[in-house]
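The sequence and the coordinates are shown first.

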Amino acid sequence: MLKVKGKGASPGTALGTAFVLKSRDFHFSELKNYESGRELLRWKTAHAALLIELKSLKEKFETDAPVETRQVIEAHQMMAEDPEWTSQIEAFISQGHQCEYAVHKASEDFAQMIEALDDPYLRQRAQDIRDVAKRVFEALDSQVNQSASKNEDYILVAEDLLPSDLLSLYSKHLKGIVLEKGNPTSHTTILTRTFEIPLVLKVDSLMKQVRSGEELAVDGLKGSLVIAPTLDEKEFYKNQILSERRDLDELARYTHVESVTTDGVKIEVASNLNSAMDLDFALRKGTEGVGLFRTEFLLMDRRQSPSEDEQFQIYKKVVESLKPHRTVIRTFDIGGDKQVEYLKLPKEENPFLGCRGIRFCLKEKEFFKVQLRALLRAAQFGHLGIMIPMLSRIEELLEFKELLRSCSDELKGRGEVLSATPEIGIMIEVPSAALIADQLAEHLDFMSVGTNDLVQYFCAADRMNSAVADLHDSYHPGLIRLLKHISESVKGKNVWLGMCGELAAQEDYIPLLIALGFTELSVSPGALLRTRRAILSNSKKASAAFLDGALSAKSSTELKSILSKN
C-alpha cells in the first residue's frame, strides 16, 4: 500500500483497477521525397476515419449529454471539416511532404496563430486543433489503439489527458482519473466535473509509480491516491462510495429549491468559478448566483494582457447568464502562487505577504483600469458586484473607489451609457481588514470572507506546507471570535455578509455561519447541493442557541465536538 498526494479537481471517491494510458510518440520526416499520390491517399483515408469517429462520438453523447460535451465534439468536427486546414495539409503533401508532417505542420501553424489571439475562448481552440491532429496521427498509425476493459471498473492513469481521450474512453466503468500533469481549468477537467468523475491532478512521478492492473483508490476531494489499498482500506472506500451514491441520489431533489432555513431565513447559495467554462455546470446545479468569479485565468498562458473588449465580453456573458441573480467578480488576484511572466512581478522572499492582489493593481493603475472599465461596462447587463482581494487598510479601499470613479468618467467621455452601478465589496482575508471591518463597511455594499487565506494569515501557517498543516486550523477558537467581530461590524449597515472560502461548504460549520448572520455562502459548484441541504435542515434560532458555547470553546477539539452535536 502506498499513499500519494496530488491536487483534487473533481470531488468523489473511486475504487478500481488501474488502466495506464501511455503517451505515444508520433514520428515524421520533414524531407520532400515522398510520393504525393500515396501520401494523399493515406491522408484521405485517415481523414475519413476521423470524421466517422467524430460522428460516432456525437451519437454516443447525443441524448442527455451536458452542453460542455457537445461543445467539445462540435469544435472538433468544425476543425476536422475546416477547408482551410484540409487544403493546407493537401498543399504540403503536393510539395512532396510526408502525410504526418503535413498534418503536424498545418495544425501547428493554425494552433500558434490562434494562441497569439487576445480572446481566451478562441485560444482554447489551439488545444482542439492539436487534439484533432493527434486523432489523425492515430488513424495513420498501424498500432492498435489502447483500450480499457469494457466489463471492469477502472481508474484511468495518464501523464495528461486530451478531451478526445476522455470522450473516447468514457463509459459507466470509468470510475476515476489520476493525472501526473493536468490543469484545473482545462477542457478535460471541466468535462470530468460535468461527468462527476473523481479527478486528481499533479501527482509527482505518477507514471513511474502505477502499473496497469494494480488496484487503486482515489479521493477527488482531498486529492489523494492509494496504490494497492489494504483490505481494510478497500472496505472503507467501498462504504464511502455507497454513501456518496445514496447522497447524490438524495441531493438531486435540492437542485431548484430555494435556500431557506426552517424558520424562514434566506441564505443565498452561490458558486465559486475558476473560469466561464464552469458556468453551465453551476447553473445545472441550481446556483443562486456567483459569489466569486476568479479573473486570473484571463492573464495566464498568453504573451500579453487581455484587452478591455476581450474582458468585457467575458464578464458580460457571465453577468447576463446569471441575471437576475448577482455575479461577484473579483479583480485580479495575482502574485503569491499566481505568477504572470509578462507582468514581471517582483521576486520576493515571501510572495504571499508581498505585492499581490489589490497591492499590485494599485501600483499598476493603467493595467488595472483596463479591467475596471470592462467591469463597469458589464454591469449594465445584470447584477454585478466587484470584489477587491488582499485589502488590508482603508486607504487602499478609498484609492480603489477613486480609480473606479476615474474609469467611469473615462467611459462617459467616450459616450458609454452607465445607468447601472455595480456593488462594491472586499474579500476579508487579512486579519487587519477583519479588525477594522466596521470602518470599511461605511464605504462598501458587501464583504465576503475568504477563509482559505484568512485562516493561514490568522494562524501564521502556510496552507500549502504539510509541516504546519495541523496549525492551519479553521476550528481555532480565535477564528470564531474573529468571524463574530466581522458579523457584528456590518449590523445596522446596508452591507450584506458572505463567505467564499472552503469553510462555507463544511456542513458542520454552516449552522454557525447562519447564527453569525452570514446571508450568502459561495462554494464550488460540486458542493452547492450539500450546502443548500444543510441550510434547509437548520434554523437560525436553533443555531443561535449553541453560538455561546462555540465562542467559549478552548480548543479546536472542543469546538469540533460542539459543532458535531448541533
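At what angle do helix H11 and helix H13 pack, and how far apart are their axes?

## Packing of H11 and H13

In this predicted model, helix H11 (residues 308–322) packs against helix H13 (residues 365–378) at an angle of about 40°, and their axes are 8 Å apart. The crossing of H11 past H13 is right-handed.

On the H11 side, the contact is made by Glu 308, Asp 309, Gln 311, Phe 312, Tyr 315, Lys 316 and Val 319; on the H13 side, by Val 370, Gln 371, Arg 373, Ala 374, Leu 375, Arg 377 and Ala 378. By class, the residues of this contact comprise seven nonpolar, two polar and five charged.

## The open sheet

An open sheet with mixed pairing is formed by eight strands, in the order S1-S8-S7-S3-S4-S5-S6-S2. Strand S1 (2–5) and strand S2 (7–10) each have a single partner strand and stand at the edges, so one side of each lacks a neighbour in the sheet. On average, and with direction ignored, neighbouring strands of this sheet are turned by 30° against each other.

Within the sheet, strand S7 (residues 215–219) and strand S8 (residues 224–227) run antiparallel and are joined by four bridges. Leu 216 has Ile 227 in S8 as its bridge partner. Two helices that pack on the sheet may be described here. Helix H7 (residues 187–195) touches S2, strand S5 (174–179) and strand S6 (199–201), and its direction makes about 60° with that of S2. Helix H9 (residues 231–251) touches S1, strand S3 (13–21), S7 and S8, with its direction at about 110° to that of S3.

## The barrel

Eight strands, in the order S9-S10-S11-S12-S13-S14-S15-S16, close into a barrel with parallel pairing. Here neighbouring strands are turned by 25° against each other on average, direction ignored.

Strand S11 (residues 326–330) runs parallel to strand S12 (residues 383–388), and five bridges join the two. The bridge partner of Val 328 in S12 is Gly 385. Helix H20 (residues 528–536) packs on this sheet, where it touches strand S9 (268–273) and strand S16 (520–523); the direction of H20 makes about 160° with that of S9.

## Cysteines

The structure contains zero disulfides. Cys 407 is in no disulfide, and its nearest cysteine sulfur, that of Cys 361, lies 12 Å away. Cys 407 counts as buried because its relative accessibility is 0%. Cys 99 likewise counts as buried, at 0% relative accessibility.

Key. Residues numbered from 1 in each chain as written. Predicted model: local features only at pLDDT ≥ 70, side-chain atom pairs only at ≥ 80, totals over all residues. Heavy atoms only, no water. Disulfide = S-S within 2.5 Å. Buried < 20%, exposed > 50% of the residue type's maximum accessible area, 1.4 Å probe, protein only. Pairing = 2+ DSSP bridges. Axes fitted to C-alpha atoms, helices over the stretch in contact; angles between N-to-C directions. Contact = heavy atoms within 4.5 Å. Left-handed = near helix turned anticlockwise from the far one by under 90°. Nonpolar A, V, L, I, M, F, W, Y, C, P; charged D, E, K, R; others polar.
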